[in-house]
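Subject: Structure for your review

Dear colleague,

Please find the structure below, together with the notes I prepared on it. I would be grateful if you could read them with the model open beside you.

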Amino acid sequence: MIRRSRVSVNTIAVPDDPAYLSLTQDILETPVVSRMKGYIQHGDTTCMEHCVNVSYLSYLFCRDHGLNARCAARAGLLHDLFLYDWHFHRRQKGERLHGFQHPLTALQNAEKAFSLCEMERNIILRHMWPLTLTPPKYKEAYVVVWFDKYCSLMETFRRPVMALYERYERRLETGFAIAAAKNAAKGQLLAAPLLCETTHRQV
């Protein structure tokens with residue numbers, strides 16, 4: 001279930017989802033992370049808001065598909081921890097294109113503040129694939145790659161980022177309801193005497 005209501009952690013607005021917050025609150029309470037509120041990422045969405053969007057959607061998807069939701073949530077929050085205004089960075093610093101360089105910068109900043117596992121490091125470093133040529137190692141990293149692209153597009157056009165997942169969730173709930181009704185009907189048929197074994201098929 002998507003939590004549309006919000007709570008504030010260290011003045012950061014995040015989904016009011018206790019399970020999600022139990023995995024990410026230490027990151028949200030770290031001052032260096034809250035600095036992302038000072039930079040616009042896409043449209044009128046700050047870097048912090050973008051990271052929360054990517055993190056929460058990646059968490060939901062991984063949770064619902066048996067993947068590592070903890071790593072997806074935490075790395076999703078840190079994937080753009082580059083801490084500068086990318087709109088002016090190249091002109092001011094004369095460095096490489098932001099799209100190629102910022103994953104490494106974000107990883108370096110994240111490692112200064114947190115102890116990261118290998119999966120979290122890979123998610124942060126490879127989240128710009130296929131722009132950066134080396135592909136991710138983990139399914140969770142591909143999830144973050146997808147939701148990063150999706151959120152970026154929705155934020156640029158000022159569209160609600162939760163819309164896609166809400167449609168998916170409604171389809172999932174409808175599918176469960178249909179399956180439950182079919183199983184209930186099947187159960188009534190199998191309740192006849194002399195049946196000693198039932199086989200449950202996924203619908």
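In this predicted model, a polar atom of the His127 side chain lies 2.7 Å from the backbone oxygen of Ile124. This is a polar contact, meaning a pair of N or O atoms within 3.5 Å; within protein, one must be able to donate a hydrogen and the other to accept it, and residues adjacent in sequence count only if both atoms are side-chain atoms. His127 belongs to the loop between helix H7 (118–125) and H8. Helices are DSSP runs of H or I with at least four residues, numbered from the N terminus.

Is His127 buried or exposed? His127 counts as buried, because its relative accessibility is 0%; buried means under 20% relative accessible area, exposed over 50%, and partly exposed in between, with a 1.4 Å probe and protein chains only. Leaving aside neighbours within four places in sequence, His127 is in contact with several residues, among them His79, Asp80, His102 and Asp148. Contact here means heavy atoms within 4.5 Å.

Helix H8 (residues 139–156) also contains Glu140. Glu140 is buried yet has no salt bridge, and the nearest side chain of opposite charge, Lys139, is 7.8 Å away. A salt bridge is a side-chain nitrogen of Lys or Arg within 4 Å of a carboxyl oxygen of Asp or Glu; for charge, Lys and Arg count as positive and Asp and Glu as negative, while His and the chain ends are not counted. A polar atom of the Glu140 side chain does lie 2.8 Å from the backbone nitrogen of Asn68.

Turning to aromatic residues, the count comes to eight aromatic pairs. Rings of Phe, Tyr and Trp (its six-membered ring) pair if their centres lie within 6.5 Å; planes under 30 degrees apart are stacked, over 60 edge-to-face, and the rest tilted. Trp146 and Phe147 form a tilted pair, 6.1 Å centre to centre with 50 degrees between the planes. Trp146 is partly exposed at 45% relative accessible area, whereas Phe147 is buried at 3%. Phe61, Trp146, Phe147 and Tyr150 form one aromatic cluster.

Finally, helix H3 (residues 47–64) has 14 of its 18 residues buried. Gly66, which follows H3, has a positive phi near 70 degrees.

Residues are numbered from 1 along each chain as its sequence is written, and side-chain values use heavy atoms, with hydrogens and water left out. Because the model is predicted, local features need pLDDT of at least 70 and side-chain atom pairs count only at pLDDT 80 or more, while totals for chains, interfaces and linings use all residues.

Yours sincerely

How values were computed
Helices (H or I, at least four residues) and strands (E, at least two) are DSSP runs, numbered from the N terminus.
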